[in-house]
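This briefing goes through one protein chain for a reader who has its sequence and coordinates at hand. It treats charged pairs, a helix and its neighbours, a surface patch and the division into domains in turn.

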Amino acid sequence: MEKKKLLAFIDAHKSEMLSLWQELVNHDSGNDDKVGIDLLQIKIGEILENLGAEVQYVHYDQAGNLLLAEIRHDRKGAPIVFLGHSDTVFKKGTVGKRPFTITDGKAFGPGVLDMKGGIVIILYAIKALQAIGYNSSSFKIILAGDEENGHQKSDAATVLQREFIGARAVFNCETGFVDDAIIIGRKGVASFTMETFGVAAHVGNNPEIGRSAIVEIAHKLLEIEKLTDKQAAISFNVGTIEGGTVPNSTPDYAKIKIDVRFGKESDIAVFSKQLQAIAEQTYIEGTHTQLSLGACLKPMDTTPGVEQLFRFVQATARENNLGPLKARKVGGASDSAYAVSSGIPTVCGMGVKGERNHSKEEYAVVESLYERAKLLTLAVFNLDEVNLYQ
Ligand SMILES: [Zn+2]
């Protein structure tokens with residue numbers, strides 16, 4: 001009976017959900033746009049306050065603020081966490097060029113899939129549960145403001161890890177897959193910058209004193225590409241290269257950026273050492289090289305707790321005709337890694353379903369907004385019925 005009411009609540013609020021989705025997408029919150037992100041967080045925070053949440057913002061100077069909300073329902077027990085982020089990869093002004101639109105059942109617009117649809121799902125799952133007088137567990141809602149750059153300019157990763165401690169389960173409403181896969185594991189991502197310094201010289205007048213930074217880094221990048229070891233699940237990609245000034249001068253500077261994907265936390269020490277060794281080895285005498293680590297997102301481990309929570313969500317979906325869900329491990333990182341490393345059962349990719357995130361072609365299936373809101377609502381409701389993780 002309660003379940004029917006929950007499903008009916010979502011059905012009765014479809015147009016409201018759609019207009020909130022449109023409103024969130026039509027609010028620029030690119031990762032470089034702190035003002036936009038902070039304003040969006042406040043907008044979402046106000047909605048949560050109206051649902052009885054205590055809302056706090058963790059302020060950052062150079063990154064979007066983090067939203068941290070709690071709805072206690074007068075319960076002291078371990079909270080259920082709804083996780084996500086409000087920033088997108090799209091620059092300020094993108095909304096002006098291509099705002100939220102719907103064509104043939106697909107919604108388009110910056111962040112429509114990653115992950116503004118997921119935010120709507122979280123808010124309406126909470127509303128639906130509250131509408132039936134739910135008060136079994138307290139809720140925590142955590143929305144990062146700088147997920148897309150891996151919290152490079154904030155301590156949000158530390159704050160997240162602290163806030164996850166003691167939670168029963170974490171539902172991350174990140175990008176969902178059109179084939180109904182739910183994410184139970186993610187690779188970690190590390191990005192490095194390698195800079196080589198040589199000696200500039202006029203190639204016609206005194207070529208003998210020139211030391212080419214480009215040639216040196218070319219040797220290095222080939223060595224880096226050779227490191228990719230599929231067995232160990234560590235892969236290296238030199239994604240950008242720059243250097244030199246004019247054709248008639250020996251280049252005294254070159255830079256590459258490297259993306260590393262890895263399966264376990266202990267890999268970090270392994271590949272850091274490998275890259276450092278390449279940085280230190282000199283091919284062109286008189287050059288020297290510096291290696292620096294940028295963002296480093298941990299992998300999301302497929303723990304027994306993750307597997308159990310997935311099977312539970314899968315059973316909930318099966319019982320309610322919300323798709324035969326399957327489990328998937330993917331190469332892209334998310335904040336779910338921090339939840340799992342805090343020891344919390346976590347499922348990721350619970351958001352709207354779509355494809356092509358981080359591109360102009362990004363879209364989400366409109367119907368999946370309601371379907372996934374139903375799934376999340378019922379999963380949270382059932383979590384108490386079966387006393388999972390209590
Ligand atoms: Zn995302």
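A salt bridge is taken here as a side-chain nitrogen of Lys or Arg within 4 Å of a carboxyl oxygen of Asp or Glu. The model is predicted, and by this rule the count of salt bridges in it comes to 20.

**Salt bridges**

- The side chains of aspartate 11 and lysine 374 form a salt bridge, with an N to O distance of 2.9 Å. This pair ties together distant parts of the chain, since aspartate 11 belongs to helix 1 and lysine 374 to helix 11, 363 residues apart.
- An α-helix has 3.6 residues a turn, so residues three or four places apart point the same way.
- Glutamate 2 has a relative accessible area of 30% and is therefore partly exposed, and lysine 5, at 42% relative accessibility, likewise counts as partly exposed.
- A further bridge joins the side chains of arginine 72 and glutamate 70 at 3.4 Å, N to O. Among the bridges there is also a network, in which shared partners join Asp180, Lys353, Glu371 and Arg372.
- Arginine 72 is partly exposed, given its relative accessible area of 38%, and glutamate 70 counts as partly exposed at 23% relative accessibility.

**Helix 9 and its surroundings**

- Helix 9 (residues 304–319) has 16 residues and reaches 23 Å from its first C-alpha to its last, which is close to the 22 Å expected at 1.5 Å a residue.
- The buried residues of helix 9 are Gly305, Val306, Leu309, Phe310, Phe312, Val313, Gln314, Thr316 and Ala317.
- These buried residues pack against several elements, among them strand 7 (169–172), strand 9 (181–186), strand 14 (326–330) and helix 11 (366–385). Helix 10 (336–341) and strand 15 (346–348) are also included in what they pack against.
- Just after helix 9, asparagine 321 takes a positive phi of about 55°.

- Leucine 383 lies in helix 11, and it counts as buried because its relative accessibility is 0%.
- The C-alpha atoms of leucine 383 and alanine 157 are separated by 27 Å, and the two residues are 226 residues apart along the chain.
- Val35, Leu39 and Ile42 make a nonpolar surface patch of about 270 Å². Isoleucine 42 has its place in helix 3 (residues 34–50), and at 37% relative accessibility it counts as partly exposed.

**Domains**

- The chain is divided into domain 1, made of residues 2–186 + 299–385, and domain 2, made of residues 188–297.
- The C-alpha centres of domain 1 and domain 2 lie 37 Å apart, while nine residues of domain 1 are in contact with 10 residues of domain 2.

Notes. Residues numbered from 1 in each chain as written. Predicted model: local features only at pLDDT ≥ 70, side-chain atom pairs only at ≥ 80, totals over all residues. Heavy atoms only, no water. Patch = residues over 30% accessible without salt bridge, like charges linked within 9 Å, V, L, I, M, F, W, Y side chains within 5 Å. Areas by Shrake-Rupley, 256 points an atom, 1.4 Å probe, with all protein chains shown as cover. Helix = DSSP H or I, 4+ residues; strand = E, 2+ residues; numbered from the N terminus. Buried < 20%, exposed > 50% of the residue type's maximum accessible area, 1.4 Å probe, protein only. Expected span 1.5 Å × (residues − 1). Contact = heavy atoms within 4.5 Å. Domains from an automatic or database assignment.
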